[in-house]
Amino acid sequence: LAFLGLLLLGLQGCAPEAGPLVDLSERGVAPTLTAPPAGSPPVYTFSYDHRLEPTEDAQMYASLLDYLTGHTGFRFRLYVSHDSQDLVSGLESGRIDFAAVGALSYLQAEARDGVRMLAVGRNSEGQSTYRAEIFARPDSPIQHVSDLRGKSFAFGSRTSTQGYLIPLIMMSEAGLRLQDLREYEHTGSHAECVDAVLSGQFDAGALQDTLAERLAAERSIRIVATSAAYPSSGIVAGTGVPPEIAERVRDALLTLDPQGKDGPNLYRWHDSEMPDGFAEARPGEYEALRGWARQLGILDSGGGTQP
Amino acid sequence: VKLRWRVAGAVSLLLVVMGVLTVASINRVVMQVSQQQAADRGLAVARAVASGVADSVLQRKYLSTQAIIDGLQQSTPGIRYIYVTTLDGSVLSTFGQGFPVQLLAVNRLPDGVSESTQHIRTSEGPILDVGVVVLPGIPSQVHVGFAEDAVTQMVNQTSLWIILLTLLGVLLGTTGSYFLGSWISRPIEALSRVAEQLGQGELDREIPLTRGDEVGSLCQAFNAMAASLRLKFAQLADSERRYHTILEAADDAGEGVALFRLLGDGDGQLVYANETFAHWYGVDGRAACTTARSLLPEPSDPLVWGRLLPPFADPPGGVAPVAMTMPGEGASPLHLEISARRFVYEAEPAVIWLVRDVTVRHREEVERALLLQQTITAQEEERYRIARELHDETLQSLSATLFGIKVVEASLHQDAPSEQIEESLGQVKGRLTGTIREVQRVIYDLRPILLDELGLVAAIHSLADQRLRAQGIEADVQVVGHSRRLDTHQEVAVFRIVQEALQNIVRHAEAHSAVIAIEFRPDSLFIQVADDGIGFDPSLVPSEPDTGSGLGLLGMRERASLLGGTLSIDSAPGEGTTVVLTVPLPEPMPEVPGASRQCVS
């Protein structure tokens, strides 16, 4: 009897845990998953300009949303935009509530409707401006911007301030036009731009300053030229966001301390355009850029034109 | 049931119970660990899948995502399905044709939860659905389904092995415990056998010491105990021998010994009685049903039982003995004296009786009392006799003498003839002579002067003359040995015994002659008085002196006893009587020259 009990016990012990019954053979067309039903707590959509690898961007801003949730009590969800146009239209249509955008995207969205800049990112020196860097491989003969004539060049995203607008300004100031380049391409992000240059696909490229300085310090690239300082990227609120909500989000952003207590909870924040947190946006600080964008014809179209 | 089987059974039961618990525990642990490992592996694989598809999902490259999950399922064993919910809400899966819509309701990850596992039952067997988010904060999930058949199969196989090992362990444990129990119980069984033999009195048995463990120590202790028991039994046997020797000595000394265990009702149960006691009281010495009260007649004083069966410890100085009278074998009763002493026997209160036969002492005491009474009576009789003799004979003789003197005086005044006066004086003289003889006889009866002056032999000669020959009985006094003087009290006592014997001859024997033989031996004096009279039957003479008869014989015996000697009487009807007196003499008397043998007739 004991052995029988032993066997039964052993066999019973091998039974898997119970769970819901699912018939895998009953197939159908999978429905499109929708947003949470009405009545659920509000979830604010947050999007961003593509700057690094898609997953890197997503993880970096996901850590920022965790911070915002902790300081505002609001719930956020990342929205990965198809491209800059999708982001700008989303802000305009209310599909996107908040977004981390570069100056160009901000100027484009602001130009179409009243998208508000809540806070401007501060660089590692504590300035709410950033620069763009034109770089080449360390062994490249390119020494000046003017040496780019007849060379191939890799830009960042078409809506990137540091990857496209400011390098265009630098070339224009050096007397170069896009036609003077042997060829050029928008790689979509700063990381892809670096990959394109280091792989030899292009002779030089344009990059945001913090990433470029780190890579130069690592002797992965050599900086050819550094732009003037322009207002940095920032966090904007879309047209559908109530002012009080935007206010609380802005307050939370201004108290972000990436160099201090909040640093460990942020993902690769030092590679962002706001490594030292945020500063209040000052009216008129984007005027110079707005002028260049209009001059270069990329403010309204969002696309590149000949400067 | 033998100890070895008990041990084997207990060990088997313990092993089975432990086996059941072990199998259950291990099975549970293995199941949990396996499922946990499967879940961990599933999470790791799901995370890898999520990482692999993250870029393509974020860039909305659905074909790339589909290709990635198809490749991962083919390259990773155990994966039943993979499906991905994209940023746009569509579902990419590896099911190929269609999608089991029910899966979307299972294990959905709510906001804020990055991963989760869920066991589900399907027609294809149990499946573990592992869901992870592609990236935190991204509304895109990856779900991987792992078939759990392998886990179940592995757990079943493990359980089977454990059960088989447990069975083997039970068999080995039972066998081992049986032999272990045998090894342990063997000396214990030997110990039990020897203990049984020890209980049957075989004290010389010992257990061979072969082991140095606790059992060996037990055997060693047992042997030591047996040796101690042997010694104690030997001491006990020796003590019992001494005890029996004492009891036998008590038997030899004519003392009865009985042991009673005190009962609660004031009686005592006989435990032991020696032969003398058993003989006196007619009991079996070891009759357990005999009680003290059943042996003795109920005494007139109930307090006597308190002395015979003392309920408390003996007072200092002991308890006064109790005198009892029992019917004797003959007509004479048996006088016994019981001394009771309380003590502890086999841890219980008991009392021992020491019973002595005091019949002789009792008789002697009675005899002494009667002798004293007889002596007083004899003294009074002697005084009466002397008074009577003085009144009847001496006083009459003196009165007659006085009358004769008055006659002579009258004759002188009347001038009677001288012949008449002489005749009267002669009569007076004769009467005075007779009176003097009577007075001498009286004085002799009181205390023979010869005894003091010439000694025993001369006194006996004179006694024979005055008592026997004066009555016409022929007397022959024979003296053998060296006649010598004895101590005064010895001579008086012997003289009185002979005087009584001769007096009996005169009074009762109707004899014609008597022989008085006196023999002076070196250490004793032997006197025999024999007559040819009518004799008598000594058995008819009561031995007890309370009848008043036989006081003469008793007085003779008493005097002989006071001298330390013996007196015997041999007589039969028509055969005459012989009285023999033997008196020990302390030291030889000085030899009397020429007195080797005297014979006086």
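Reader: What makes the pair B:Glu491 and B:Arg485 a salt bridge?

Author: The side chains of B:Glu491 and B:Arg485 come to 2.8 Å, N to O. A salt bridge is defined as a side-chain nitrogen of Lys or Arg within 4 Å of a carboxyl oxygen of Asp or Glu, so the pair qualifies. The model is predicted: local features need pLDDT of at least 70 and side-chain atom pairs count only at pLDDT 80 or more, while totals for chains, interfaces and linings use all residues. Side-chain values use heavy atoms, with hydrogens and water left out; residues are numbered from 1 along each chain as its sequence is written, and chains are lettered from A and ligands numbered from 1 in the order in which they are written.

Reader: Why is B:Glu491 called buried?

Author: Buried means under 20% relative accessible area, exposed over 50%, and partly exposed in between (1.4 Å probe, protein chains only). B:Glu491 has 2%, so it is buried.

Reader: Which residues are joined into one network by salt bridges that share partners?

Author: The network consists of A:Glu56, A:Arg214, A:Glu218, A:Arg268 and A:Asp271. Over all chains, the search of the whole structure finds 28 salt bridges.

Reader: How do you know that A:Arg250 and A:Glu247 are separated by about one helical turn?

Author: A:Arg250 and A:Glu247 are three residues apart in helix H8 (residues 243-254) of chain A, which means a separation of about one helical turn. Helices (H or I, at least four residues) and strands (E, at least two) are DSSP runs, numbered from the N terminus. An α-helix has 3.6 residues a turn, so residues three or four places apart point the same way. The N to O distance between the side chains of A:Arg250 and A:Glu247 is 2.4 Å, so this pair meets the salt-bridge rule. A:Arg250, at 21%, is partly exposed, and A:Glu247, at 37%, is partly exposed as well.

Reader: What makes B:Arg241 exposed?

Author: The relative accessible area of B:Arg241 is 51%, so it passes the limit for exposed. B:Asp238, with 29%, is partly exposed. These two residues form a salt bridge, with their closest N and O atoms 3.5 Å apart. Both lie in helix H4 (residues 214-252) of chain B, three residues apart, about one turn of the helix.

Reader: Why is helix H5 (residues 161-173) of chain A called mostly covered?

Author: Of the 13 residues of H5(A), 11 are buried. Among them are A:Tyr164, A:Leu165, A:Pro167 and A:Met171. At the start of H5(A), a side-chain oxygen of A:Ser160 reaches to within 2.7 Å of the backbone nitrogen of A:Gly163. Just after H5(A), A:Gly175 takes a positive phi of about 85°.

Reader: Why does A:Ser63 count as buried?

Author: A:Ser63 is at 7% relative accessibility, so it falls in the buried class. The residue is found in helix H2 (residues 54-72) of chain A. Leaving aside neighbours within four places in sequence, A:Ser63 is in contact (heavy atoms within 4.5 Å) with A:Asn265, A:Leu266 and A:Tyr267.

Reader: How many residues of chain B are in contact with chain A, and how much area do the two chains bury between them?

Author: 55 residues of chain B are in contact with 40 residues of chain A. The chains bury about 4000 Å² between them, 66% of it on carbon and sulfur atoms. Buried area is the accessible area (1.4 Å probe) that two parts lose on being put together, summed over both. B:Arg60, B:Gln102 and B:Arg121 supply 15% of the area that chain B buries against chain A, more than any other three residues.

Reader: What is the count of salt bridges between chain B and chain A, and how many residue pairs are in polar contact?

Author: The salt-bridge count between chain B and chain A is zero. The rule finds nine residue pairs in polar contact across the interface, both residues being at pLDDT 80 or more. A polar contact is a pair of N or O atoms within 3.5 Å; within protein, one must be able to donate a hydrogen and the other to accept it, and residues adjacent in sequence count only if both atoms are side-chain atoms.

Reader: What makes strand E1 (residues 21-22) of chain A and E3(B) a strand pair?

Author: Two strands pair if DSSP finds at least two bridges between them. In E3(B), B:Thr122 is the bridge partner of A:Val22.
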